[in-house]
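Okay, thanks for coming, everyone.

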Amino acid sequence: MDEAEREIPGGAAAPPLLPARHRILLALALAVATAAARSFAAALPALGLGLLLLVLERPPLRPLLRTLLRLNTFFLLLFCTLPLGFGPPGGPAIVLGPVHFTLQGATIALLMLIKANAAALFFLTLPGRRGAAENCRALRGLGVPDKLVTLLLLMESHIGLFLRELESLRRAAKLRGFRPRPSLHGLRATANLAAMLFIRAYDKSKRMDEAMRLRGFTGRFTLYAENTPAEPAALLLTGAGLAAALAILALGLYFGRA
């Protein structure tokens, strides 16, 4: 049973307060408003709202931290390079010969980091708490084309397939004594590993396509659109979330003016 579902007497689970389609709309609206922010005055409230949703939704902590760690590892590259690409105004903060490490570039990198973490929290805590099939039903109810919904469902199943293949190849390489090192041999072995992963994934996807066609698959899954009317409390929460998105957008436009 999903942790977000409420227990009711008799052992049955009450449906979640916010339907999946409302969660998707809220996450999209909040993420777009956060992406438009050009100042910390709008980005920091967005991050605070994301942390509040994290406390309220209480998703599994380990997968969440793993996802955020991967996201923030990417931004280490920005922190190492972006401050080098901006000169005056702002002046250099650190001068190392011909290299100028500027405060302006560091500020932009930090702003991007805050906005990316806020948007990630919106999607991880709102639609991320529902399953792939439920989110796809919600997308169909929102009018998303059937081909895109089918593609998302197939992606969800194939990602797990690719991860299993990758783990199998990594285990085989480890049993043969391979240890990843920053050397020419290590790079060559890693490239071979990636090539084998793509080849195996391609072969398995072809076999899966043939099996699905033999079972009568016509290019779309039978998913009923989520059309259940929302409760008044859900509408109230959705309205509050959209108002928060508008407030973040207004803050971004106001404080982001030159």
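**Walking through the fold**

Let me begin with contacts along the chain: among those between residues at least 6 apart in sequence, 76% join residues at least 24 apart. And please keep in mind that this is a predicted model.

So what is the chain built from? We have 8 helices and 4 strands. Going along the sequence, the order is β-β-α-α-α-β-β-α-α-α-α-α. The protein chain has 258 residues, and 29% of them count as buried.

Now to the helix packing, and I'll take α2 and α8 to begin with. Their axes are 7 Å apart, and the packing angle is about 160 degrees. Roughly antiparallel is anything over 145 degrees, so α2 is roughly antiparallel to α8. Who is touching whom there? On the α2 side you have A41, A42, P45, A46 and L49, and they meet A244, I248, L251, G252 and F255 of α8. Sort that contact by class and you get 9 nonpolar residues, 1 polar and no charged ones.

Is I248 buried or exposed? With a relative accessibility of 4%, I248 is under the 20% cut-off, so it counts as buried. Which residues does I248 touch, if we skip anything up to four places away in sequence? The list is L30, A33, T34, A42, A46 and L49. Take T34 from that list: T34 and I248 are 214 residues apart along the chain, yet their C-alpha atoms are separated by 6.6 Å.

That brings me to the cores. The largest nonpolar core has 13 residues, and I248 is among those with the most contacts inside it, along with L30, A46, F122 and L126. Which elements give two or more residues to this core? They are α1, α2, which is 40-57, α4, which is 103-125, and α8, which is 232-255. The top contributor is α1, with 4 residues.

Staying with α1, let's see how α1 sits against α5. Helix α1 covers residues 20-35 and helix α5 covers 132-141; their axes come within 8 Å and cross at roughly 80 degrees. The class count here is 4 nonpolar, 1 polar and 2 charged residues. Compare that with your notes on α2 and α8, where the contact has no charged residues.

Back to α8 for another leucine. L242 is in helix α8 too. Leaving out neighbours within four places in sequence, L242 is in contact with L26 and A29. L242 and L26 are 216 residues apart in sequence, and C-alpha to C-alpha they are 6.5 Å apart in space.

Next, the end of my list of helix residues: L56, which lies in helix α2. L56 has a relative accessible area of 58%, so it is exposed, the cut-off being over 50%. If you go looking along the chain, T125 is 69 residues away from L56, and the two C-alpha atoms are separated by 8.8 Å.

Then there's R58, in the loop between α2 and α3, where α3 is 61-81. What is the phi of R58? It is near 50 degrees, a positive value, and this in a residue other than glycine. R58 counts as exposed, at 60% relative accessibility.

Last stop, the aromatics. How many aromatic pairs does a search of the whole structure find? The search finds 1. The partners are F74 and F75, 5.5 Å centre to centre and with 80 degrees between the planes, which is edge-to-face. F75 has a relative accessible area of 6%, so F75 is buried.

Over to you for questions.

Key
Residues numbered from 1 in each chain as written. Predicted model: local features only at pLDDT ≥ 70, side-chain atom pairs only at ≥ 80, totals over all residues. Heavy atoms only, no water. Axes fitted to C-alpha atoms, helices over the stretch in contact; angles between N-to-C directions. Nonpolar A, V, L, I, M, F, W, Y, C, P; charged D, E, K, R; others polar. Core = buried A, V, L, I, M, F, W, Y, C linked by side-chain atoms within 4.5 Å. Buried < 20%, exposed > 50% of the residue type's maximum accessible area, 1.4 Å probe, protein only. Contact = heavy atoms within 4.5 Å. Phe/Tyr/Trp six-rings, centres within 6.5 Å; stacked < 30°, edge-to-face > 60°. Parallel < 35°, antiparallel > 145°, perpendicular 65-115°, else oblique.
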